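Please read the following explanation alongside the sequence and the coordinates, moving from the sheet to the helices around it.

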Amino acid sequence: MRREEGFDPELAGKRAECDGGSGVAGTRFAGRQDFAGTLTGTFVDHGDPPWRWYLLAELTTVPEGYTDDSVWCESGNLFVIDST
Amino acid sequence: MNKDPLRTKLCDMLGIEFPVIAFTHCKDVATSVINAGGFAVLGEAMHTPDEIAADVKWIRDRVNGKPFGIDLVLPASVPPSGSLDELMSNIPEPHRRFAREIKERYDVPDPKGAVDLHQWGGLNQELARAQLDVLLDERVPVIASGLGSPAFILDAAHERDILVFGLVGKARQAKRQLEAGVDAIIAQGYDAAGHTGAVGTFSIVAEVAAMARDTPIIAAGGVTTGRHLAASLCLGAAGVWTGTLWLACRESDVDMIIKERLLAATNEDTTYSRSISGMPMRVLSCPWTQEWAKPGAPEVLNAPYQMLLSSDYIQGANDNRRADLMTEAAGQGVGFVTTMKPAKQILYDLVEEALETFESIVGDS
């Protein structure tokens, strides 16, 4: 499957919120998770038509217990809150 | 003006008789509902692309050209990945000890085989994308996204005459998806089984319906009676999305022990807990969820660590069919699910009660 990385300078440094979540491996369950942070500008497109994911770092809002310092966010669930 | 309150624009869009969507993981339930005049969406999130293709054919062979849907849980966020060993090594010892104590206290048996979770690669972008490609290739009549935004797939789907539904838990998600051009929005409230947003069904449905214009809105979360159906239509929905309603029906492949628990449960027997997966979800209360809610319990870990921790309990309970330990995703409407009826009867009862409700609230003059 096509996987293409890229960088969007217009989004780099913008603050954003992600209405995230995913399925839970091995179960029928899924869960929602909210994040907020700063977009690095890095993105990855999966497949064709491209399914775009942005890397959100410097996280200021994470789910309880979240230990990673960044998260990949699906573009349709990403809300840029900083227009400057 | 159409005088049948149940003849909605969702019925027209899908060519169905009743505006009732069964969300189910059981193919037999799906075909029963479809053939009785409703619509069904089969949850296939945890299936491989080949399994999905086989299930699509199975349904097609049994519904005589009637439409159906397939639901995938498109991920909306994915943490940087690690190997299973790396993930396991990150679980703190106090949490491991607490899980062992629960196991001892409730005499939880060991799983009969390797824990499924530990053999499965997880749902990442690549797998979800491969699942979606099967649905496009198969030209499934409806693709439903149970979590993430399906906006990126809209053009490819519409070129193939596939309708795309998106499930949302917040108004801003609905606004984004409406702007993208999804064909219907499932507005899911806090009452629902499994993963939900924090907004109640009564509020999220009305709010999303107000912004939707001509796009059908489908109410989800706690819908288990005809009164719920009638109320949903009055809120502006064009149909309802029902899950818990079908778990204990005759055709359902849910374990009989869980069916009995569902039939006995009241609407106070579900809990909104992070203790199973690390992500909030509504399930039938069980010793595992109860223990993690007690004062002094360790703080619940984030996904996937909490799921790695709970998987031994969950599978041990399921493999050994321990009614006192087992759990299942269930919505707050479970209290209305009290008898094990055929799916067709459940649908007809729902419709009849909705019509009676409309009749009962209309004045004489």
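The paragraphs below take up the strands, then the helices.

This is a predicted model, in which local features need pLDDT of at least 70 and side-chain atom pairs count only at pLDDT 80 or more, while totals for chains, interfaces and linings use all residues. Residues are numbered from 1 along each chain as its sequence is written, chains are lettered from A and ligands numbered from 1 in the order in which they are written, and side-chain values use heavy atoms, with hydrogens and water left out.

In chain B, a closed barrel of 8 strands runs β1-β2-β3-β5-β6-β7-β8-β9 with parallel pairing (strands are DSSP runs of E of at least two residues, helices runs of H or I of at least four, numbered from the N terminus; two strands pair if DSSP finds at least two bridges between them). The twist from one strand to the next averages 25° (axes are lines fitted to C-alpha atoms, for helices over the stretch in contact, with angles from 0 to 180 degrees between N-to-C directions). Strands β1 (residues 20–24) and β2 (residues 39–43) of chain B are joined in the parallel sense over 4 bridges, and Phe23(B) has Val41(B) of β2(B) as its bridge partner.

Helix α6 (residues 125–137) of chain B lies across β3 (69–72) and β5 (142–145) of chain B, at about 170° to β3(B). Helix α8 (residues 171–180) of chain B touches β6 (163–168) and β7 (184–188) of chain B, contact meaning heavy atoms within 4.5 Å, and its direction makes about 165° with that of β6(B).
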